[in-house]
Amino acid sequence: MIPDNIIEEIKARNEISDVISTYVTLRKAGSNMNGLCPFHNEKTPSFTVFTATQSFYCFGCGAAGDAITFIRKIENLEYADAVRALAKRSGIEIPEDADRDRGVRRSRILEMNKEAARFFRSQLMTSGEAKAYFIKRGLTQRVLDRFGLGFAPRGFGLIDHLKKLGYTEEEMITAKLAGKGERGMFPFFRNRVMFPIIDTAGSVIAFGGRVMDNSLPKYLNTPDTPAFSKGRNLFALNYARNHCAEELILCEGYMDVIALHAAGFQNAVATLGTALTQEQARLMKRYTGKVIISYDGDRAGQNAADRASAILTEAGLEVRILRIKDAKDPDEYIKSFGPDAFKRLLKGSETKFDFILSNVLARHDVATSDGKIKAAAELCAEIAKVRSAVEQELYIEKTASVLGVEAASLKSDVKKQVRKRNAEQNSSFEKQMMNKALGIGDKINPDHSGNPRASAAEEAILGIMMLHPERVTDIVSGKIALTEEDFVTGFNRKVFIAVRKLFSEGGRDIGVLGSEFSQAEMGRIYEMQVKREGLESSSDTVFLDNINALKAASVAQETDIEKIIKAKLGQ
């Protein structure tokens, strides 16, 4: 494990606001700083950085932690890898074997992926079939080299190659480069052309493999690993991020992106075998303010574009949608009509509302009263989702003109839809807050729902302990009677033991507990601390009152259990 003193030095050299400001625009708010949360979509800043305690907390989604927790969450890293990333940022050297006992490290998987990419590349050079496939698709040697494209053969060559380099079967399985069945090890990718997925740091984090015929599945992507999460990354962003200040082009497939880059459109990216996620939308928001969706021209592609536009808009991006005619996808269009024609197509891309309007008019015969009513209802529902009053006004006027109805009538219907949406959102929010208070659906501390009063007292006690280590001294010395046996919920009991041990051994930084707890659990731990800041939590009365409340709840729970047991025994 990485020693605590090194972790503390790394955190000291990585001021939390400096770390977070590379991802989030922060503004001064008194002694703290705030901005839009990078972990959920919001319009009003609820993400706060507490410079005094070097921690952050989102009052919207509950994300919380220190600089290490932040890097873990936003980059999808394991604890040790997040520590190493911050160490590298601040010029601190960590011995390679410092965390060797923590299983297969992310860095080890990245090294293995790099060797696998080299192997696939060498196999492409000797495979006439794979090379011919790429040539047929119009790819030059320069493009093959730029994207590191390769070929996975049918046999067990990759496994043998990695074993010779010293990688174990466990490591290959963890990296999802191989699997293990009744007959032993087998390579995950076989007889496919290969597309390395490279992150913005230049590391090979995963692979996509495509068949060269019509067999299924057409694409096979690396499942999630300690080095990769397909819902949090984008293909070719490592190149596009340097060319997308004006706009990004979002495609469906790897070949579309490669064709666009080859034609000079180096701002193209693609999702990784899944529908667009909110995390990917927020990732794009870091690099640009505008996205042009360039999905396939068939019905499935256009439906996917409709769904993606909603996610991108929610993330605060300007969205336009490309309608590709006379070709099934961008790759085919460029081959048929050339880059200049595609450039003109981009300039003529539709706004999200124009795209929706065209689709609604295609579904309904607005020459009839019934068709006009149905079209108006759909369009009013869409306009109600728009936050800007000016945009609403413009869309209402356009809809009224197209349908031949009074704008005032449409405006009235839109207002009704807005009221309905607001009521539904308020009801949903209230339900979420109620469930949170009762602990319903709490995956971190599942015992909370059965013991809400005890859990609340536990969280108050733990928050006070973290803010005031002298309370731990009183507990360890016996001055205050409190042990892990008094805790009712399993998670809070584990936190109590960890905090007591840390502070009793002279530690003061709860961030080092990240080696024992997941990023979500660390978020909850920091949330307990944040909720006590600014309160009269230092008083003996508040601390002792919560301890007494916890013990009373613990006794009440034992009494209830005894009643249940006696009832079952018929006593």
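Reader: Which backbone nitrogen lies 3.4 Å from a polar atom of the side chain of Thr288?

Author: A polar contact is a pair of N or O atoms within 3.5 Å; within protein, one must be able to donate a hydrogen and the other to accept it, and residues adjacent in sequence count only if both atoms are side-chain atoms. Here the backbone nitrogen of Lys290 lies 3.4 Å from a polar atom of the Thr288 side chain. The backbone oxygen of Cys244 also lies 2.9 Å from a polar atom of that side chain. This is a predicted model, in which local features need pLDDT of at least 70 and side-chain atom pairs count only at pLDDT 80 or more, while totals for chains, interfaces and linings use all residues. Residues are numbered from 1 along each chain as its sequence is written, and side-chain values use heavy atoms, with hydrogens and water left out.

Reader: Where is Thr288 found, and is Thr288 buried or exposed?

Author: Helices (H or I, at least four residues) and strands (E, at least two) are DSSP runs, numbered from the N terminus. Thr288 is in the loop between helix H12 (278-285) and strand S14 (290-294). Buried means under 20% relative accessible area, exposed over 50%, and partly exposed in between (1.4 Å probe, protein chains only). Thr288 has a relative accessible area of 6%, so Thr288 is buried.

Reader: Which residues does Thr288 touch, not counting residues up to four places away in sequence?

Author: Contact means heavy atoms within 4.5 Å. With residues up to four places away in sequence left out, Thr288 touches Cys244, Ala245, Glu246, Glu247, Leu248 and Leu317.

Reader: How many aromatic pairs does a search of the whole structure find?

Author: Rings of Phe, Tyr and Trp (its six-membered ring) pair if their centres lie within 6.5 Å; planes under 30 degrees apart count as stacked, over 60 as edge-to-face and the rest as tilted. The search of the whole structure finds 25 aromatic pairs. In one of them, the ring centres of Tyr23 and Phe70 are 5.5 Å apart and the planes stand at 65°, so this pair is edge-to-face. The pair links distant parts of the chain, 47 residues apart: Tyr23 is in the loop between helix H2 (16-20) and strand S1 (27-29), and Phe70 is in helix H3 (residues 67-75). Tyr23 is partly exposed at 24% relative accessibility, whereas Phe70 is buried at 0%.

Reader: What is the geometry of the aromatic pair of Phe235 and Tyr254?

Author: That pair is tilted, with 4.6 Å from centre to centre and 45° between the planes. Phe235, in the loop between strand S11 (219-221) and helix H10 (237-240), and Tyr254, in helix H11 (residues 254-262), are 19 residues apart, and their pair links distant parts of the chain. Phe235 is buried, with a relative accessible area of 3%, and Tyr254 is buried at 3% relative accessibility.

Reader: Which residue lies over the face of Tyr239?

Author: A charge sits over a ring if NZ of Lys or CZ of Arg is within 6 Å of the ring centre and within 35 degrees of the ring normal. Arg146 lies over the face of Tyr239, at 3.8 Å from the ring centre. Likewise, Lys494 lies over the face of Phe517, at 4.6 Å from the ring centre.

Reader: In what order do the four strands of the open sheet run?

Author: Strands of a sheet pair through backbone hydrogen bonds, either parallel or antiparallel. Two strands pair if DSSP finds at least two bridges between them. The four strands form an open, antiparallel sheet in the order S6-S9-S10-S11. Strand S6 (150-152) and S11 are the edge strands, each pairing on one side only. S6 pairs with strand S9 (residues 192-198) in the antiparallel sense over three bridges, and Phe151 stands opposite Val193 in S9.

Reader: Which strands of this sheet does helix H5 touch?

Author: Axes are lines fitted to C-alpha atoms, for helices over the stretch in contact, and angles run from 0 to 180 degrees between N-to-C directions. Helix H5 (residues 106-126) packs on the sheet and touches S6, S9 and strand S10 (204-210), its direction making about 40° with that of S10. H11 also packs on the sheet, touching S9, S10 and S11, and its direction makes about 70° with that of S9.
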